Amino acid sequence: MRFQRHKMDLLDSILNSMDAPPATNEQQKTLIKKQREMVERMQNKQKEELLRFRKYVEERMGRFAKDDRTCIEFQPLDKVHRSVIHEIAENGGFIAMSFGREEEDRHSVVYKKEHPPSEDEVTARRNGEGWSKDIAKEYSERRKERLAQEQCQNDKQTTSPDGGSSASNSTDNVEVKPTSNYKAKYAHLIGESAALQAARKTETNQSYGFVPSKNKKDMRSIEQTLADIQAKKRLKLQQQQEQLDSLTAAQADAADEQQPEQRQQQQ
C-alpha cells in the first residue's frame, strides 16, 4: 500500500510539472485573421476580373455581329476564360473553336454560322500555321497536286489492254473536293444542309451585347458550373457502387440457395 501511494504521488508530481498546451495569443489570432482576409480579397478580385472579361467579350461579339468580318480571334487564354468565350458565343448564335497547345498558345476563334471554317483552315490552325490568304492558296495547291496524283494513279489502273488510256490526263478542270466531309463532322455545331439554308436566310442578332441577363440560357457562374459537374460525377459513382453492391448481394443469395441442393444430392 505504501509503495502504491508513493507511486501515485510521483505520478501526480510529474503531471503537475508538465507544461500546459500553449494558448493562442492575440498575435497569432491577428495573423490568421489577416490571412483569411487576404484569401477573400484574392477571390473577390478573381470574380471581378472574370466579370470584366465577360463584359469585354460580350461587347466585342456585339461589334462582330454588326460588321462584315467572318471570324474574330482571341489571345491565348486559360481554360476558364476560354469557357467564358464559348458560353457567350453559343448564347449569341456563333461557332467557337479552340486551337493550339494547352498552357502555351491555346486560343479561341469565333465564327459566324453562315461562314463556318473550311477543312483547310481547321487543319492549318491545328498545325499552328494560322490562317491567311497565302496559307489558303498553299493548301489549295496541295490539294490540287494530291488530286492530280490520285487521278494519275486511277488512269494507270483503268488503262485499256491496247496500251491506250481510257481516262483523260488533264487535271485543269478537276473539281477540288476535301478528303473528308467536314460539315458532317461538325453537324452538331453548324447544322445540316436544311439548317444551313435556314441560317443563311436569318440574320445575326444585331442587338447582341444588349440582351438582358434574364434572357440568357445559363445564368450559372464558372464556380457553380464546375460544382454541378463534380456533383454529377459523384452521383454517377454512387449509382455504380450501388449497382455493384446489389449484384454482389444477388450472387451471394444464389450461392446460399445452391448449397442446400448440393448437400441433398450428395446424401
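A charge sits over a ring if NZ of Lys or CZ of Arg is within 6 Å of the ring centre and within 35 degrees of the ring normal. Start there: select Arg 142 and Tyr 139. The charged end of Arg 142 sits over the ring of Tyr 139, 4.8 Å from the ring centre.

This is a predicted model, in which local features need pLDDT of at least 70 and side-chain atom pairs count only at pLDDT 80 or more, while totals for chains, interfaces and linings use all residues. Residues are numbered from 1 along each chain as its sequence is written, and side-chain values use heavy atoms, with hydrogens and water left out.

**Whole chain**

Colour by secondary structure. The protein has nine helices and three strands. Helices (H or I, at least four residues) and strands (E, at least two) are DSSP runs, numbered from the N terminus. The order from the N terminus is α-α-β-α-β-β-α-α-α-α-α-α.

Switch to the surface. The accessible surface comes to about 21100 Å², and carbon and sulfur atoms account for 50% of that. Areas come from the Shrake-Rupley method with a 1.4 Å probe; for residues, only the protein chains shown count as cover. Of the 267 residues, 21% count as buried. Buried means under 20% relative accessible area, exposed over 50%, partly exposed in between (1.4 Å probe, protein chains only).

**Helix H5**

Select residues 133-157. This is H5, with 25 residues. From first C-alpha to last it reaches 36 Å, close to the 36 Å expected at 1.5 Å a residue. The expected span is 1.5 Å times one less than the number of residues. Now show side chains. Ile 135, Tyr 139, Arg 143, Leu 147 and Asp 155 are buried in H5.

**The cores**

Which residues touch the most other members of the largest nonpolar core? Select Val 57, Met 61, Phe 74, Ile 85, Phe 94 and Val 110, out of 16 residues in that core. Helix H2 (26-66), helix H3 (79-92) and strand S2 (94-99) each give two or more residues to this core. H2 gives the most, with five residues. A nonpolar core is a set of buried Ala, Val, Leu, Ile, Met, Phe, Trp, Tyr and Cys residues joined through side-chain atoms within 4.5 Å.

Centre on Ile 85. Leaving aside neighbours within four places in sequence, Ile 85 is in contact (heavy atoms within 4.5 Å) with Phe 53, Val 57, Met 61, Phe 74, Leu 77, Ser 108 and Val 110. A second, separate core has six residues, including Ile 95, Met 97, Phe 99 and Val 122.

**Rings**

Show the aromatic side chains. There are three aromatic pairs. Rings of Phe, Tyr and Trp (its six-membered ring) pair if their centres lie within 6.5 Å; planes under 30 degrees apart count as stacked, over 60 as edge-to-face and the rest as tilted.

- Select Phe 53 and Tyr 56: a tilted pair, 6.1 Å centre to centre, 45° between the planes. Both lie in helix H2, three residues apart, about one turn of the helix. Phe 53 counts as buried at 7% relative accessibility; Tyr 56 is partly exposed at 33%.
- Select Phe 64 and Phe 94: also tilted, 5.4 Å centre to centre, 40° between the planes. This pair links distant parts of the chain, Phe 64 in helix H2 and Phe 94 in strand S2, 30 residues apart. Phe 64 is buried at 0% relative accessible area, and Phe 94 is buried at 5%.

Last stop: Arg 60. Its charged end sits over the ring of Phe 74, 4.5 Å from the ring centre.
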